[in-house]
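Welcome! Please take a moment to look over the sequence and the 3D structure before reading on.

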Amino acid sequence: MMSAGVVIGPDELEQLVKALLARGYRALGPVVRDGAIILGEVEGTAELPKGWQDNQAPGSYSLNQTGSHNLFDWAVGPQSVKAEVFPPRSTIWTAKPPGYVVEEVPDEAAPVAVIGARPCDLAGLDVLGRALVNGSAADPTFQRRSGGAFLVVAECTHPANTCFCVSMGTGPGASHGFDVRLTELPGAGTEDPRYLALAGTRQGRELLDGLPGRPAQPADEAERVNLLARAASRMGRSVDNAGLPELLARNLSNPRWDDVAERCLACGNCTAVCPTCFCANFEDTTDLQGTVRRQRTWASCSDLAHSYVHGGPVRSSIKSRYRQWATHKFSWWWDQFGTSGCIGCGRCITWCPAGIDITEEIAALRASDGAASTTKGAGER
Amino acid sequence: MTLADPRLAASTHGPFTPSVFHVVGRAQEAPDVVTLALESAEGRPLPFKPGQFNMLTAFGVGEVPISISSRPGHGPLMHTIREVGAVTRALCRAALGSPLGVRGPFGTDWGLDDFAQSDAVVVAGGIGLAPLRGAVQALLDRAGLPMGPRRVVVLVGARTPDQLIFKRDLEDWSRRGQVAVTVDMAEEGWEGNVGVVTHLVDQAAFDPNRAMALVCGPEVMMRFAIQALIERGVLPTSIRLRVSLERNMQCGTGLCGHCQLGPYILCKSGPVVTYPQASRLLTEAEL
């Protein structure tokens, strides 16, 4: 469904957002709030983070204004698209006493259009979808919301120090999974940028066809390729994925887990910002009339209660909980869903209050591969 | 009761929405263990296989995974529940006629079709006998038939005589097969075995070359029972040695992530797994 690209300016981008709003979408885009770029409701491009850059490092995030007219000179904020398709809290059903006839609470949120999702966010949606739609069951909210979403991806030309999407194969460019792909071709100084726009779906094509813009020239595509190549070369981090699932599976007793456990606070930030963490709790509340409300809320394997069975939690040590998160992402995820659970966005590094860097932990495990005998024999006591 | 058409149980509900069942029978098995018999409020039977579990809701308290302790196609759906927390306490105290939410069945079963001409060895510890009850009944019914086991050996351990569940079943089974019971701590009047269930494995009469073992109980008990079975000569292969594992489960459909166990999402790949699947998971602490 790919068509030839068009080059549009800021005015046409504004029209694109308005056209999506006119079609009944709730438009979400990057906005600056409380010192961070987050996903917020937008009515046009005026709210987008013009001239803002982000500075990310382990345990550190800040913004600075450069005065440029570019809208996408930043990498990723703490929020991914996850919260839109997998709400942090939702009510599944209610039931009234005494008979407790169970009534489902349908998800009625308007379809969402995301302006400026990143290629890693698209990869995150794909990975999340493999977890939430499996062979025997599917999360109805995720299916409805992800199926109905309109995704305008902005390719990444300003990766952060914490990014490693190149090594995970998820960026900085996007080849599929979007309705419209934008590449911001920056203006010099305070000149307006232009956008190389490409449709990825029929709906995207219809939208772009309604906008004035000149057909893309080979020079525009060449500029895009250069921008992405420069972004890829400025990637701050990387993960060596060669044999990694097996390496982690045989290093469950590696002393490095003790080392990281000394630093990990088990706060759950890494799981909250992760675009692919899908764990959820199901909890009941009862109001004064006795009506039962079953809610689903995000859960974290960092929590002691996550592994609770009668008698106590299975993973009582922080070491075992960090190990669960890391081995699930980079090893068991392959067994369960046929892909890595990590998309290389680096959010878990930036938003870890202790600055724990998963790429550093993996490198250390690799360097000390086999430091402890891990595969105990059958029936060993 | 005829075997239900599986389509009858197909629900129009989303995967997280229970159907209402009513308590039609309850039996106190032990001071803190109750068996509930349940019938669908909509008259819809719930087809299942021994070893599978349901998610049970005590309305207003919460939902927990409970294995099915009845036998498919024979009377009402039964669950045997030990009171260990708020939800199980509410379930254990559910009065006759009260509504409960049921979702399921979920997970793998014991795979009883593989038992032709075998010596079926069932090893259970404590409440671990509950998911094995339907399997033992089905195996005993088939014993001696061409497609059934040659013999059935049931080895049961409990902490105290008081904690022993399904006492009437055990008596019935002992007339039809080999049953041995042991307790960790005897009480006055107990004249049976005292000690861990491992010793029963050593003494039981079965041919290790024909043995097919089903094991369920606390993880430490399963480790030692499996060790004893292997030392008796039972081959530690996927067909010959099966165990039922437990983890936190909140959805039953592989979507909530709580039952991660290494490469497995246990509500789907389990609870019944083969020994080769389980061996490493049983020995790695806090996995």
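Where does Asp34(A) lie? Asp34(A) is in the loop between strand E2 (26–33) and strand E3 (36–41) of chain A; helices (H or I, at least four residues) and strands (E, at least two) are DSSP runs, numbered from the N terminus.

## About the model

This is a predicted model, where local features need pLDDT of at least 70 and side-chain atom pairs count only at pLDDT 80 or more, while totals for chains, interfaces and linings use all residues. Residues are numbered from 1 along each chain as its sequence is written, chains are lettered from A and ligands numbered from 1 in the order in which they are written, and side-chain values use heavy atoms, leaving out hydrogens and water.

Most residues other than glycine have a negative phi, and most peptide bonds are trans. Asp34(A), however, has a positive phi of about 50° without being a glycine. With 79% relative accessibility, Asp34(A) counts as exposed (buried means under 20% relative accessible area, exposed over 50%, partly exposed in between, with a 1.4 Å probe and protein chains only). Phe166(B) also has a positive phi, near 55°, but it counts as buried at 2% relative accessibility.

Chain A has cis peptide bonds to look for as well. One joins Pro97(A) and Pro98(A), with omega about 0°, and Pro98(A) is in the loop between strand E6 (89–96) and strand E7 (101–104). Another joins Gly171(A) and Pro172(A), with omega about 5°; Pro172(A) belongs to the loop between helix H5 (165–168) and strand E10 (180–185).

## Rings that meet

Rings of Phe, Tyr and Trp (its six-membered ring) pair if their centres lie within 6.5 Å; planes under 30 degrees apart count as stacked, over 60 as edge-to-face and the rest as tilted. By this rule there are 14 aromatic pairs over all chains. One of them is edge-to-face: Phe72(A) and Tyr195(A), 6.3 Å centre to centre with 90° between the planes. Phe72(A) is in the loop between strand E5 (60–65) and helix H2 (82–85) of chain A and Tyr195(A) in strand E11 (residues 194–199), so this pair ties together parts 123 residues apart in sequence. Phe72(A) is buried at 2% relative accessibility, and Tyr195(A) is buried at 0%.

Ring pairs also bring Trp74(A) into a cluster with Phe72(A) and Tyr195(A). Over the ring of Trp74(A) sits the charged end of Arg118(A), 4.3 Å from its centre. Here, a charge sits over a ring if NZ of Lys or CZ of Arg is within 6 Å of the ring centre and within 35 degrees of the ring normal. In chain B, the charged end of Arg133(B) sits over the ring of Phe166(B), 5.1 Å from its centre.

## A buried threonine in chain B

Thr80(B) is part of strand E5 (residues 77–82) of chain B and counts as buried at 4% relative accessibility. Its side chain makes polar contacts of 2.8 Å with the side chains of Thr35(B) and Ser69(B). A polar contact is a pair of N or O atoms within 3.5 Å; within protein, one must be able to donate a hydrogen and the other to accept it, and residues adjacent in sequence count only if both atoms are side-chain atoms.

Not counting residues up to four places away in sequence, Thr80(B) touches several others, including Val33(B), Ile127(B) and Phe166(B); contact means heavy atoms within 4.5 Å.
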